[in-house]
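Student: Could we go through this model together, starting with how one of its helices packs and then turning to its aromatic rings?

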Amino acid sequence: MIDLHMHTLFSDGELIPAELIRRAAVAGYEAMALTDHGDLSNFDFIIPRVVEAAAIYGDAWGIKVIPGIELTHIPPNQIAAAAIRARELGARIVVCHGETLVEPVAEGTNAAALAADIDILSHPGLIRDEDVELAAARGVCLEITTRKGHSLTNGHVAQLARKYKAKLVVNNDAHAPGDLVSAEMSRNVALGAGLSDEEYEQCRRNSAALVDKAMRG
């Protein structure tokens with residue numbers, strides 16, 4: 001299992017990094033990313049700490065841990081600069097919080113994020129055709145999520161990703177211990193979104209490729 005979207009106490013997660021990493025390792029995860037919610041006001045607080053946590057606890061618990069960030073509720077015209085700043089501070093996986101149906105994310109966030117230097121657009125809601133085409137052209141992965149609420153549009157995302165050959169990943173968006181789903185549940189959520197077994201396996205390969213890229217630094 002690989003999950004590239006997880007939160008700790010550095011934003012609105014329930015666990016400190018050491019416990020989240022330990023629980024993921026025990027649950028059988030081989031790689032994970034710490035991607036707390038961040039904006040331009042708190043990157044300097046979050047990113048150096050998740051960089052340190054990844055260095056200390058990854059090898060200790062036998063799991064690849066990648067420091068990252070989730071750009072969250074940032075005005076669309078500031079997203080490109082935010083992604084650059086996050087990379088400068090050490091984020092190796094940059095996720096952008098997409099236009100989910102269950103939060104008041106600004107219209108235009110999906111498009112701005114896909115034009116920026118990000119790796120994953122999380123829970124992109126009723127993403128438009130042209131934005132999925134942009135994701136495919138730029139190699140940005142769209143997220144199928146196991147998280148309740150955000151998962152309402154998984155089927156729409158899967159359908160357009162297939163139409164335009166955009167890459168997908170499956171993530172938990174974990175905030176609490178119970179969010180660390182099993183491999184079976186991850187697969188079932190993907191199949192529930194309309195993916196085939198082969199398409200789910202491609203999601204896993206897409207996640208592995210992001211891990212390889214991030215670990216090379």
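Student: Which helices and strands do the buried residues of H3 pack against?

Tutor: Bear in mind that this is a predicted model. In helix H3, which spans residues 79–89, the buried residues are Ile79, Ala82, Ala83 and Ala86. Their packing partners are helix H2 (43–61), strand S4 (64–71), strand S5 (93–97) and helix H4 (109–114).

Student: Why do the buried residues of H3 line one face of the helix?

Tutor: An α-helix has 3.6 residues a turn, so residues three or four places apart point the same way. In H3 the buried residues are Ile79, Ala82, Ala83 and Ala86. Seen down the axis of H3, these buried residues line one face because they fall within an arc of 100 degrees.

Student: What is the geometry of the aromatic pair formed by Phe10 and Phe45?

Tutor: The pair joins distant parts of the chain, with Phe10 in the loop between strand S1 (2–6) and helix H1 (17–26) and Phe45 in helix H2, 35 residues apart. The ring centres of Phe10 and Phe45 are 5.9 Å apart. Planes over 60 degrees apart count as edge-to-face, and the planes of these two rings stand at 90 degrees, so the pair is edge-to-face.

Terms used. Residues are numbered from 1 along each chain as its sequence is written. This is a predicted model: local features need pLDDT of at least 70, side-chain atom pairs count only at pLDDT 80 or more; totals for chains, interfaces and linings use all residues. Side-chain values use heavy atoms; hydrogens and water are left out. Buried means under 20% relative accessible area, exposed over 50%, partly exposed in between (1.4 Å probe, protein chains only). Helices (H or I, at least four residues) and strands (E, at least two) are DSSP runs, numbered from the N terminus. The arc is that of the directions from the helix axis to the C-beta atoms. Contact means heavy atoms within 4.5 Å. Rings of Phe, Tyr and Trp (its six-membered ring) pair if their centres lie within 6.5 Å; planes under 30 degrees apart count as stacked, over 60 as edge-to-face and the rest as tilted.
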